[in-house]
Amino acid sequence: MRAMQPQRQWAVLTVLSIILLLWEEAAAIEVPPDPKIQQDLKQPPTIVKQSAKEYIVDPRDNIIIECEAKGNPVPTFSWRRNGKFFNAEKDPRVSMRKRSGTLEISFRSGGKPEDYEGEYQCFAMNDFGIAISNKILLRVSKSPLWPKEVLEPLMVSEGSPLVLVCNPPPGLPPPTTFWMNSAMMPIIQDKRVSMGLNGDLYFSNVLASDANTDYSCNARFLFTHTIQQKNPFTLKVLTKEPYNNTLSSLNDTDPYVVRNIPETTPTFLSPSGTSSSKMALRGEELLLECIAAGVPTPGIKWFKKGGDLPEKKVKFESFNKTLRIVSVSEEDSGEYVCMASNKIGSIRHTVSVQIKAAPYWLQKPTNLVLAPNENGQLVCLASGNPKPSIQWLINGEPIESSLPNLSRKVVDDAIIFNSVQIGSSAVYQCNASNEHGYLLANAFVSVLDMAPRLLGPRNQLIKVIEQSRAMLDCPFFGSPVPEVRWFKNGLGIAPDNVKYRLHNNGTLEIKHARSEDHGTYTFVANNILGQAEEQIRLEVKEPTRIVRAPEHLSVNRGNTAHFDCKIKHDPTLPIIVTWLKNDKPLHFGWMSKFKKDENSLSIPNVNSDDEGTYMCMVKTELDQDFASARLTVLESSSKPSAFTDRPDPPEDLELSDPAARSVRLTWVPGNDNNSPVRQFLVQYEENRWRPGEWQNLSSYTGDQNSVNLLLSPFVNYQFRVIAINSVGPSRPSGPSSRYQTSGAPPDVIPQGLKGWGTKKTNMEITWQPLLDTQRNGPELRYVVSWRRKDSQEEWNNISTTSSKHVVSDTETYVPYEIKIHAVNDFGRGPESSMVIGYSGEDRPSAAPAELRVTKADSTKVNLHWVSVDPTSIHGEFKEYRLYYWREASLVKGLRINKEKKTKVFSSDVSQNTGVLTELIPYSKYKMYMVVANNKFEGPHSNIVEFQTKEGVPGVPKFFRIVQRNTDTIHLEWDKPLEPNGILIGYTLQYRTVNGTEVGSPQVVSFFPNVTEYTIRLPDRFTRYKFYLSARTQVGSGESYTEESPHFANEAYSKDHVDIATQGWFIGLMCAIALLVLILLIVGFIKRSRGGKYPVRDKKDLPMDPVDQKDQDGSFDYHSDEDNKPLQGSQTSLEGNVKESDDSLVDYGEGGNGQFNEDGSFIGQYTVKKDKEETEGNESSEATSPVNAVYSLA
């Protein structure tokens, strides 16, 4: 039968686990803390305050037995006493507080408190159930008198043991005892004389000095605050030698020799024998006692067989005779040994300790609020020793005696509820009990029915920045859980997780808000009891941006610094522009030197105090932007050397005040070259570890030239100094003389100590080596120690100069304790704290079992599996890794990508559920799962196939707008790349657009085989904005948006009339060509009169000497016409300048050209065009008469 018991328990647990897994999806309703909801919420009673289970009262006071409960309606109360109904109203001494179950028992008019002793239990009830309190055992405190007795004098031989028995009267609660003499002074206790746990006074051996007539035991009673004294003992000591108190005091170190007392081996006074047993309850204190007799007085030591005493919980008291272990637990069970020893011998006593446990909670049942037809569960898990039994009650009565309920099923430690109905609310009690006590917990199941209610503010206005996330939040509550829908401008919104996402709390998320999302949104929540609606206005604003940011400036002292900050923002949002210097706001006023306008900041007459980082920050109520730039103030300097504006290097470096780890460095600053030195940088070079390499040591303010340098041991230093001002650093100074510090043991612990296996049979211990300046001496090495964790083995040690050590031949993934310290020839450094490392990992040997899918929708599925045994991972658990791929689309003929993807679940090894998201709707998938440690994957689970449901389609593949003539627009499109289901058609919505004004929408629907449409225009200037989306049975997908181009930019098709073929246009072009020909002839005539320097030759002559070359070799003509085209050039459509081989303007009338006496032209490169000619050259080629002639040619 005993062999069958564990199997039966495992079977029960397995059934319970399966049932709980099946109901895992069920979740109780979370009732919001809204006052209106709470006020109307009907709720069974809940006990909130009660008296202790063991309730001892003072007989001089009134008795108050507490019982407070809450609920709606307000609960009423009743009591049972000793299992029977207690009618408080019939007893004139008993009253019950208003709106409470607390009993008050008064004895002003007589009566005895003892008459009311017994076991009380409170019942709180309303229309929805009954909650019960613990059984309160009421007892009246008692402090009985000591029985009268005549105590004969005790005659004891010197050196013999003695026990003075206290035996106090039994009180409630038990009294505390102590020993005193007739002068009310405590009996002095020591290693030889002490009081035991039972109150008796023990003498390990009696001396003549112990003879006394007033050894009195006293009992203190807590509740009555009284002390009762027992008749005193008279102790007479029989001695072999006369007792001389003076002589004894001279040789207290060995009174037994002086008194000629024979030495004896130890014997136990308490407990007797060689073994005993003791039982304690989990969480209580364990007290073990050993008192021994013997001459000399024995000493006491304690041990635990098979292990160490729990150091953190152990206390030794009463001169080591008492062992106290606080808050005991199961691991404190075992055999404890006390050893009493003196120089004659030793004896041992073994105490077998058993730790039992009253019931304690593993999972306490909690209140459950369910909607009609919902599922839920109450779980009651408790442990103890022995294992407690679980009993379920409903409204205070055993559940077995209640009426049958098909929606409720008790499975050992749980109650499963299936499709609960209105009217089935109740309070359930779980009672877990064993021989050492019991636990009682109330948990109500409330079946709530409530029409939807809106909890947030009404008619919200939400403003968001374009392309940011918009959260339309409309908190609500209802039971059953209402169905939520959203509408925009009367049209339903289908969340698709692409543009719209509907959260579980009803919040509508627009992932990237755009201007067309502007509008009024309607939230509708409805259940079988009613409906609630709310409207939210969404405004989408342009982002605030700094379009021209301030730039870094270097300005000479006395000049004006100017920072730009041009801002673009939504005109409906007021902005606040703030300027900061070094992160502190600037203040502007009539006395401030800082001046700002809408787009800039000016700082006149700058000086060195104005240097810093300036930031332009612009804020609106929704967003902000900022940009910063550095202002450097330059000092004027007349020194022409390469370091004109940098400081000269410091000079005359001297060392003084030498110490073991410091030295004083003094220098003479060089010329600051009109820019004050801000900082001195001290560098050092040492010739032992990194010779010839200068390293930064420390920096100091510019007003210092003598500093105390903190140094490291065993380094041969030399120093140099660099001065730094606002322009830059100086050249380094010359080096100082060398300074050698003395050696010392390492004073730094190697950092980064860790251990991890690179193979399954090793552990690699690594750490960060000390810096050269941390060596402190020659022959630096590291001493590494390791041992298996919790093994108490001897430490393994190795000394090495590297920063790694490999421990070989280890078991797979075993924890090790590791520590390290550094050593050099001067001694040993401090030891690190202990870290835990692990040997290498191996491949997991088990796979997650029973992988399956539940609750599949269009884009996600719920996953369930049986987790692996942690020991099968052979390493640290990293994650459950799911591999999945799209096997096929359920849309016929659609080609898909079968790329394998992964999803990880990494909470802990016991995880057995998860959610797989971002799936493509209307597809067939396959998947399997593995468990992984840090290095390997285990074998894969069973391969699971599943299908996703139909979803809304993707955006159409393309959407083109073609204008055929002035009165129609032709549209073409193609089906989406991802239909996500069976296409049932397309929806085209369009509206007229005139600047920022839009017309009313018009909607057209098409069959799935239609991919083009023609719209007639009322006039050729009408523009439209189009929104095309595909549809499945689930709804419409994301829209493809296009806008028809403006009439002036529209492309016309071939059936439009071309003006180039019209006769009037051909005649006009011929007239223009004739006019141009005449002008060319005139030009050639004037050119032939130009002298011996033709224009082409003049172009090759060198430039005027006044022209200056830039640093990059280009020329700067310093002309007012830099930004105008040269004469004889024409401006293209892109704004580029085209040179002509010749220029009619240069030779035309009205030109500013000049001729020498020989007739040569000297003004061809300095002639200025008239404004009208320049403006003419800026016209496009398409409208130029000359170009028109060329196009005709």
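Which residue does a disulfide join to cysteine 290? Cysteine 338 is the partner, with an S to S distance of 1.8 Å. The model is predicted, so local features need pLDDT of at least 70 and side-chain atom pairs count only at pLDDT 80 or more, while totals for chains, interfaces and linings use all residues. Residues are numbered from 1 along each chain as its sequence is written, and side-chain values use heavy atoms, with hydrogens and water left out.

**Disulfides**

- With a disulfide defined as a pair of cysteine sulfur atoms within 2.5 Å, the count comes to five.
- Counted along the chain, the bonded cysteines follow the pattern 1-2, 3-4, 5-6, 7-8, 9-10.
- The torsion about the S-S bond of cysteine 290 and cysteine 338 is about -65 degrees, so this disulfide is left-handed.
- This pair links distant parts of the chain, 48 residues apart: cysteine 290 is in the loop between strands E22 (286–289) and E23 (291–295), and cysteine 338 is in strand E27 (residues 334–341). Strands (E, at least two residues) and helices (H or I, at least four) are DSSP runs numbered from the N terminus.
- Cysteine 290 and cysteine 338 are both buried, where buried means under 20% relative accessible area, exposed over 50% and partly exposed in between (1.4 Å probe, protein chains only).
- Cysteine 166 and cysteine 217 also form a disulfide, with their sulfur atoms 1.9 Å apart, and both residues are buried.
- A further disulfide joins cysteine 565 to cysteine 616 (S to S 1.9 Å); the link is left-handed, with -70 degrees about the S-S bond.
- The relative accessible area is 1% for cysteine 565 and 0% for cysteine 616, and each counts as buried.

**A three-stranded sheet**

- An open sheet has the strand order E30-E35-E34, with antiparallel pairing; two strands pair if DSSP finds at least two bridges between them.
- Strands E30 (376–379) and E34 (408–411) stand at the edges with a single partner strand each, so one side of each has no neighbour in the sheet.
- E34 and E35 (residues 414–417) pair over four bridges, and isoleucine 415 in E35 is the bridge partner of valine 410.

**Helix H5 and other cysteines**

- Phenylalanine 1084 lies in helix H5 (residues 1063–1087) and counts as exposed at 56% relative accessibility.
- Cysteine 1070 counts as partly exposed at 48% relative accessibility, whereas cysteine 474 is buried, with a relative accessible area of 3%.
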